[in-house]
Amino acid sequence: MSETATPREVFEKLHAGITSGEYAGLADLYAEDAVVEAVFEPLAPRRIEGQAAIRERFGMVRENVPFTLTGKNQVIRETDDPEVIVAEYDYEVYQKSTDSTFEVSNIQVLRVRDGLIVHSRDFHDHLGFIKARGGLSELVEKLQGE
């Protein structure tokens, strides 16, 4: 009989998949009815519901990522709730097109039940990524059009 993965182990699998660029199976870490909230996302949906939508989002990211990520400064904090962890970490981002490197900070609050993420509240530096790929003008244009 296999043991259920802990919230820490699930986060570590998620983080390893993202930093290795292996996005294909990451949606399998989420429950069928999981919810992901990307709190600081300026344009894309801030709330993604269901494993199928999460799988679609990972597919879109995989097809459009113009950089590689290296995890740094990772701290995982356990909480009074055994299902919930808070992961703080930085990404060192290598921008392929400009041959430049920069750093972005991230916080994720994950609720993991029966070895699957049921809720994720993500605080990523989306503006840092947009700035790095030279997309600030495009962002302002899209925001003004709303």
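Author: Helices (H or I, at least four residues) and strands (E, at least two) are DSSP runs, numbered from the N terminus. Glutamine 108 lies in one such run, strand β5, which covers residues 100–113. The model is a predicted one, in which local features need pLDDT of at least 70 and side-chain atom pairs count only at pLDDT 80 or more, while totals for chains, interfaces and linings use all residues. Residues are numbered from 1 along each chain as its sequence is written, and side-chain values use heavy atoms, with hydrogens and water left out.

Reader: Why is glutamine 108 called buried?

Author: Buried means under 20% relative accessible area, exposed over 50%, and partly exposed in between (1.4 Å probe, protein chains only). Glutamine 108 has a relative accessibility of 4%, and therefore counts as buried.

Reader: What makes the pairing of the side chains of glutamine 108 and tyrosine 89 a polar contact?

Author: A polar contact is a pair of N or O atoms within 3.5 Å; within protein, one must be able to donate a hydrogen and the other to accept it, and residues adjacent in sequence count only if both atoms are side-chain atoms. The side chains of glutamine 108 and tyrosine 89 make such a contact at 2.8 Å. With the side chain of aspartate 122, glutamine 108 makes another at 3.2 Å.

Reader: Why is alanine 24 called exposed?

Author: The relative accessible area of alanine 24 is 54%, so this residue is exposed. Alanine 24 is placed in the loop between α1 and β1. Contact means heavy atoms within 4.5 Å; leaving aside neighbours within four places in sequence, alanine 24 is in contact with Arg55 and Arg62.

Reader: How do you know that the span of α2 is close to the expected one?

Author: The expected span of a helix is 1.5 Å times one less than its number of residues. Helix α2 (residues 51–64) has 14 residues and reaches 20 Å from its first C-alpha to its last, close to the 20 Å expected.

Reader: Why are the buried residues of α2 said to line one face of the helix?

Author: The buried residues of α2 are Gln51, Ile54, Phe58 and Gly59. Seen down the axis, these residues fall within an arc of 140°, so they line one face of the helix. The arc is that of the directions from the helix axis to the C-beta atoms. On the other side of α2, Ala52, Glu56, Glu63 and Asn64 are exposed. The cover over the buried residues of α2 includes α1 (7–20), β1 (30–38) and β2 (47–49).

Reader: What can be said of the buried residues of α1?

Author: In α1 they are Pro7, Val10, Phe11, Leu14, His15, Gly17 and Ile18. Their arc lies within 160° down the axis of α1, so they too line one face of the helix. Among the elements that cover them are β1, α2 and β5.

Reader: Which residue takes a positive phi just after α1?

Author: Glycine 21 does so, with a phi of about 80°.
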